[in-house]
Amino acid sequence: MSQALKDNKIEEPQEKLIRRLCSILENYLERLQIDKVVAAYNYARLAHQGQFRKSGEAYICHPVSVAILLAEMRMDMHGIIAAILHDVIEDTRITKEEITFEFGELVAKLVDGVTKLTKIDGKSRAETQAENVRKMFLAMGVDLRVIMVKLADRLHNMQTLEAMPPPKKRRIARETMDIYVPIANRLNMNEMRHRLELLSFKSMYPLRYKILKQAVKKARGNRKEIIETIENSIKNRLNEVHLESDTVGREKNLPSIYKKMQRKKISFSDVFDVYAFRILVEEVDSCYRILGGVHDLYKPIPGRFKDYIALPKANGYQALHTILSGPYGVPIEIQIKTREMHRISESGIAAHWLYKDKSNRNFQAQANEWLRELLEIQQYAGNSLEFIENLKIDLFPQEIFIFTPQGSVIKLPRGATIVDFAYAVHTDIGTHCNSARIDKQLVSLQTPLENGVTVEVITTSWARPNATWLNYVVTAKARAGIRNYLKHFQQQEAIQLGQRLLEKELQDLGLSLNNIPQKREIQLLELMDMNSMDELLEDIGLGNKMPFLIAKQIKQDDIYAAVKLENNEGVKTPLTIKGTEGMVVALARCCHPIPGDHIMGYFNPGKGIVVHHHECNNSHDVRKKKTTWLDVEWSEDAGGDFSTGIRLEVMNQKGTLATIAAIISKMESNIENVNVVNQDDKVSVDLITLSVRNRIHLANIMRQLKKLPIVLKLTRIKA
Ligand code: MN
């Protein structure tokens, strides 16, 4: 390309746009500030090089157009630069850090804020979620410039929606209606609201838009005469009473005509045959005098007067509204307000630096002043509760809004962590949460959440709440959930342990907990005097009942005969014991069974198993109760000392007990107790409790004792 051609080339659209932006900025920014804006333009232009909008124009045209929309609202330099850079983080390789380096922390923060909002919009499809998404926006945009850049971004996207395929067009329009229009309304930016609303309506209902537009055009012609008549009589009337004012005819916009038709189920002409006027004055005082003037001119319709000056709307909107019965009986809607009120209702927050504040104070100070003034208006008006509540929620948020992976929005207090979120989704998710991903990054449970992130909770079946969680949860639901769990922790663990123990025993018998017929379960619980299976399992888990015994009881019923045959289990395997099981296996004190003995056990509720020698008299009684006894046998590796008892008839002479004790000691046994039960001159009957390793050990001891001449009779005590 030759130099001449380059110099004379046709101006690119983006160059035209930046020139226009600069010419608007010249009205209120310093030369130096405008230079910085141009520097940002060059930076963004390079960053977006090679990117194009759907319409075919260079991508940079979009951010510059957004900046122009904001410049028309007299956005400050930082806001304008943020607007120019608003898609750079999202769509190019440039990072927040680089923007900080080039344009400072404030601009970087604003761009980052807009990027986050961009990630959120369109995430949630559910209409019911719209209110939460709106709140999230407002909560995130603590710096109102972020919201304003986002609103302007959306407005420009709506203006250039034509290039999009119809389904996407409709979706974006719906989203604008659900999220951005209410935000603009909340900030009392009515001009922005009306523009967004009209564009959404046009994209969502192209045919209705067209028909309504034609209808309005046609009606406008018919109405012209009557509007002029009314306007003139109002003007004359107000001149008569010497009230300085502007009166303008007002036409409802298409979306509100449509909404009214739908809401009230009335025809177009019923909506449109209302003649609306706006009267603007300088002083608040004049509003009421004008009201008197127009009420004098036309008869007011009772019950239709609204004093939004004394009682402003939640977004700070102020005006007097009244409806009059006009000539030929047509209804006339009148709005009376000061010019200041009108500007504020058109631009909301933007009104401040647009018209009022000519000083160089920074944005936040102005925003704060705006908020304070709204508060003052409200306080002046008296009933300000709802308004202050709205303001608190929206602009000084104590709340954060978090996305689930499915796109639902969960509201949480500031400072909430993953655990709070998990419990907020569902108690089960809270109970089993193990870790989480925030925007795909793995994080730990105590991670505090930031507004607008997507959190995917990772649960595992074995994860359980623990007491330290209480240190980093802030919601009542999570706190209660954790406490509740900890309270029942022992119980649940016991039930699970009991279940495992019983299941294992049942498996050894070829059965399973799942296959126990309900009838049998009821029988079992009745027998055990238990109210529920959980109660029984808990008891097993706590060691109060032996799982193998319960398993056997389940099995011993005849209904399992078939199962037994199937598993070829004609011979019952006895339960093996070591005698060292502790509390749950007790050796009977009546017969003192020792390893090597034939033994049998019986179940003693609440105590476990008591093991008897099979010849013990007590065991005979137990055996009659079919369900509570079981076969047991000694384990081959049963070790340790076991108490047992012998009965001796010895000659009653000096030194007899010492001789016996010496033999027992020599045989590596200990006498635990000696009880002399009967004694005469010649014979003494002694019951001796001694400790032995097993039956053979005892037999050896007894053989040695029998050799003693003083021993007349020796027997083991078995009952
Ligand atoms: Mn954009």
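Modeller: Let me start with D87, which is buried at 5% relative accessibility (buried means under 20% relative accessible area, exposed over 50%, partly exposed in between, with a 1.4 Å probe and protein chains only). Bear in mind that this is a predicted model, where local features need pLDDT of at least 70, side-chain atom pairs count only at pLDDT 80 or more, and totals for chains, interfaces and linings use all residues. Residues are numbered from 1 along each chain as its sequence is written, and side-chain values use heavy atoms, with hydrogens and water left out.

Colleague: OK, and which residues coordinate the manganese ion?

Modeller: D87 (OD) does, along with H62 (NE2), H86 (NE2) and D153 (OD), at 2.2 to 2.3 Å. Donors here are N, O and S atoms within 2.8 Å of the metal (3.2 Å for Na, K and Ca), and water is not among the atoms, so sites may look incomplete.

Colleague: How are the donor residues spaced in sequence?

Modeller: The pattern for the manganese ion is H-x23-H-D-x65-D.

Colleague: And H86, buried or exposed?

Modeller: H86 is buried, at 0% relative accessibility.

Colleague: Switching to the surface. Which residues make the nonpolar patch?

Modeller: L657, I671, V674 and V676, covering about 270 Å². Patch residues have over 30% relative accessible area and no salt bridge; like charges are joined within 9 Å, and nonpolar side chains (Val, Leu, Ile, Met, Phe, Trp, Tyr) within 5 Å. A salt bridge is a side-chain nitrogen of Lys or Arg within 4 Å of a carboxyl oxygen of Asp or Glu.

Colleague: Which strand gives the most to it?

Modeller: Strand β18 (residues 670-679), with 3 residues. L657 sits in helix α29 (residues 656-666) and is partly exposed at 38%. Helices (H or I, at least four residues) and strands (E, at least two) are DSSP runs, numbered from the N terminus.

Colleague: What's in the loop between α29 and β18?

Modeller: E668 is in that loop, and E668 is exposed, with a relative accessible area of 61%. The phi of E668 is near 60°, a positive value in a residue other than glycine.

Colleague: Why flag that?

Modeller: Because most residues other than glycine have a negative phi. H592 is also worth a look: its phi is near 45°, again positive in a non-glycine residue. H592 lies in the loop between β13 (585-587) and β14 (599-604) and is buried, at 14%.

Notes:
Accessible areas come from the Shrake-Rupley method with a 1.4 Å probe; for residues, only the protein chains shown count as cover.
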